[in-house]
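Work through the exercises below with the sequence and the 3D view open. Try each task before you read its solution.

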Amino acid sequence: MSSPENKVTVRSPADLAAAVPYLIGFHPSDGSAVVIACNDRRIVFAARGDLPTGAEHAHQMDAFADRLIPVVQRQQPLTHVVIIGYGAANRIDAALHALSDAFVTAGLPVVDLLRIAGDHLFSLICTNPACCPPQGT
């Protein structure tokens, strides 16, 4: 049961990014990914994990997705997922795209892929420079 004291209104990707520390209990570090599952306008699940690195990156990424997807699928009903990564583009973007592809293949609609680097937010899906400038917001 919710009450007015524990509701947070999220109207934009920036609002969602600002809410992440409250959803998971701490600020994610570089190399982290946060998956947020929603049922229409309500957040029903949020989880953080460390993105794989190193020579076995592709295999580890598959294993990471294989562990996370069933947990997200149990959060029914859900309508969409947002995935947020933390860190530099060269470290995060390919991993976020791979994670998104795995979620979509599993039937989980990913509506946005966001990357946070320092105090800048980037959408990896939106290509409209009016709302998603290449230098971030």
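**Exercise 1. Find which element supplies the largest share of the lining of the largest pocket.**

Step 1. H1 supplies the largest share, five residues. Helices (H or I, at least four residues) and strands (E, at least two) are DSSP runs, numbered from the N terminus.

Step 2. Know what you are looking at. This is a predicted model: local features need pLDDT of at least 70, side-chain atom pairs count only at pLDDT 80 or more, and totals for chains, interfaces and linings use all residues. Residues are numbered from 1 along each chain as its sequence is written, and side-chain values use heavy atoms, with hydrogens and water left out.

Step 3. List the elements that each give at least two lining residues: helix H1 (13–24), strand E2 (42–50), strand E3 (80–86) and strand E4 (110–117).

Step 4. Go to the centre. The lining has 23 residues, and Val8, Val10, Arg41, Arg42 and Ile43 lie nearest the centre. A pocket is an open set of points on a 1 Å grid over the protein atoms alone, where a 1.4 Å probe fits, with protein on both sides within 12 Å along at least five of seven lines; lining residues have an atom within 4 Å of a point.

Step 5. Sort by class: 12 nonpolar, five polar and six charged residues. Here Ala, Val, Leu, Ile, Met, Phe, Trp, Tyr, Cys and Pro count as nonpolar, Asp, Glu, Lys and Arg as charged, and the others, Gly among them, as polar.

**Exercise 2. Describe the second largest pocket by its lining.**

Step 1. Name the elements that give two or more residues: H1, E4 and strand E5 (120–123). E5 gives the most, with three residues.

Step 2. Sort by class: 11 nonpolar, six polar and one charged.

**Exercise 3. Is Val35 buried or exposed?**

Step 1. Locate Val35: strand E1 (residues 32–39).

Step 2. Apply the cut-off. Buried means under 20% relative accessible area, exposed over 50%, partly exposed in between (1.4 Å probe, protein chains only). Val35 counts as buried because its relative accessibility is 1%.

Step 3. Check its surroundings. Beyond its neighbours within four places in sequence, Val35 is in contact (heavy atoms within 4.5 Å) with residues including Phe45, Leu68, Val72, Ile83 and Phe103.

**Exercise 4. Which residues touch the most other members of the largest nonpolar core?**

Step 1. Define the core: a set of buried Ala, Val, Leu, Ile, Met, Phe, Trp, Tyr and Cys residues joined through side-chain atoms within 4.5 Å.

Step 2. Read off the answer. Of its 24 residues, Val72, Val81, Ile83, Leu99 and Phe103 touch the most others.

Step 3. Find the main supplier. Helix H2 (57–73) is among the elements that give two or more residues, and H2 gives the most, six.
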